[in-house]
Amino acid sequence: MSGEFDDLKRRMDGAIAAFRHDLASLRTGRASSNLLDAIQVQAYGTSMPINQVANVSVPEPRMLAVSVWDKAMVGAVDRAIRESNLGFNPIVDGTNLRIPLPELNEQRRKELVKISHGYAENARVAVRHVRRDGMDFLKKAEKDGNIGEDDHRKRSDQVQKLTDEMISTIDHLLSDKEAEIMQV
């Protein structure tokens, strides 16, 4: 049974890790190579992450540099960045793209906060799905006679406590990111 609990914890940790990754891709006024992670480029007949067709670097605090490996892919990478809804306008220079980070205005900051709230809600839903799976497993184990009613109640409390901890972690990460976005 503890193996099942460890599996629930691992799956909830996965939801938190995905949430951290989503938050890292949100622009906060400082350049970060993670800002472009979510961008998918149409390349070679399929959609692939930008880091599989180019190197992303940060030469200056308010500038990103994208070095495309295949000259034929420059247009596709440029298009993907422009259409990404991140508000970037790349400057193409051969196989390199320079992306100056514009100052975030108040409206864009509020949009980014809204997006981060959406990411947080997705993470909470993922954690709750894992919780539901754990509770269903416990109900089935009790019904099958593998655990007693007291054991079921104790383990349900453990699953709920773990869920509450994970939701709390998501809320803390969200409030930290919100403060970072709103900082001028």
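Strands β1 and β2 form a hairpin with 2 residues between them, and Tyr44, which sits in the turn, has a positive phi of about 55°. The two strands, β1 (residues 40-43) and β2 (residues 46-49), pair in the antiparallel sense over 4 bridges, where pairing requires that DSSP finds at least two bridges between two strands. Strands here are DSSP runs of E with at least two residues, while helices are runs of H or I with at least four residues, and both are numbered from the N terminus. Within this pair, the bridge partner of Ala43 is Thr46 in β2.

This is a predicted model, in which local features need pLDDT of at least 70 and side-chain atom pairs count only at pLDDT 80 or more, whereas totals for chains, interfaces and linings use all residues. Residues are numbered from 1 along each chain as its sequence is written, and side-chain values use heavy atoms, with hydrogens and water left out.

**The strands**

Buried means under 20% relative accessible area, exposed means over 50%, and partly exposed lies in between, as computed with a 1.4 Å probe on protein chains only. Val41 has 0% relative accessibility and therefore counts as buried. When residues up to four places away in sequence are not counted, Val41 touches Thr46, Ser47, Met48, Ile50, Val53, Met73, Ala76, Val77 and Ala80, a contact being heavy atoms within 4.5 Å. Val41 and Asn85, which are 44 residues apart in sequence, are 14 Å apart in space from C-alpha to C-alpha.

A second hairpin joins β3 to β4 through 2 residues. Strand β3 (residues 54-60) and strand β4 (residues 63-68) run antiparallel and are joined by 5 bridges, and Val56 stands opposite Val66 in β4.

**The nonpolar cores**

In soluble globular proteins, nonpolar side chains tend to be buried together. A nonpolar core is taken here as a set of buried Ala, Val, Leu, Ile, Met, Phe, Trp, Tyr and Cys residues joined through side-chain atoms within 4.5 Å. The largest such core has 26 residues, and those with the most contacts inside it are Met12, Phe19, Val127, Met166 and Ile170. The elements that give two or more residues to this core are α1 (2-24), α3 (106-143) and α4, and α3 gives the most, with 9 residues. Apart from this core lies another, of 23 residues, among them Leu35, Ala43, Leu64 and Val74.

Met166, leaving aside its neighbours within four places in sequence, is in contact with Lys9, Met12, Asp13, Ile16 and Val127. Thr163 is found in helix α4 (residues 149-182), and because its relative accessibility is 3%, Thr163 counts as buried. Beyond residues up to four places away in sequence, Thr163 touches Met12, Val127 and Arg131. A polar atom of the Thr163 side chain also lies 2.8 Å from the backbone oxygen of Val159.

**Salt bridges**

Side chains of opposite charge can pair when their charged atoms come close. The structure holds 15 salt bridges, each defined as a side-chain nitrogen of Lys or Arg within 4 Å of a carboxyl oxygen of Asp or Glu. The table gives some of them.

| Residues | Closest N to O |
|---|---|
| Arg98 and Asp93 | 3.6 Å |
| Glu121 and Arg124 | 2.9 Å |

Glu121 and Arg124 are 3 residues apart in helix α3, so they are separated by about one helical turn. Glu121 is partly exposed, with a relative accessible area of 35%, whereas Arg124, at 14% relative accessibility, counts as buried.

Glu149 and Arg153 both lie in helix α4, 4 residues apart, which is about one turn of the helix, and Arg153 is partly exposed with a relative accessible area of 44%. Elsewhere, salt bridges that share partners join Glu121, Arg124, Arg128 and Asp171 into one network.

Definitions and conventions. A polar contact is a pair of N or O atoms within 3.5 Å; within protein, one must be able to donate a hydrogen and the other to accept it, and residues adjacent in sequence count only if both atoms are side-chain atoms.
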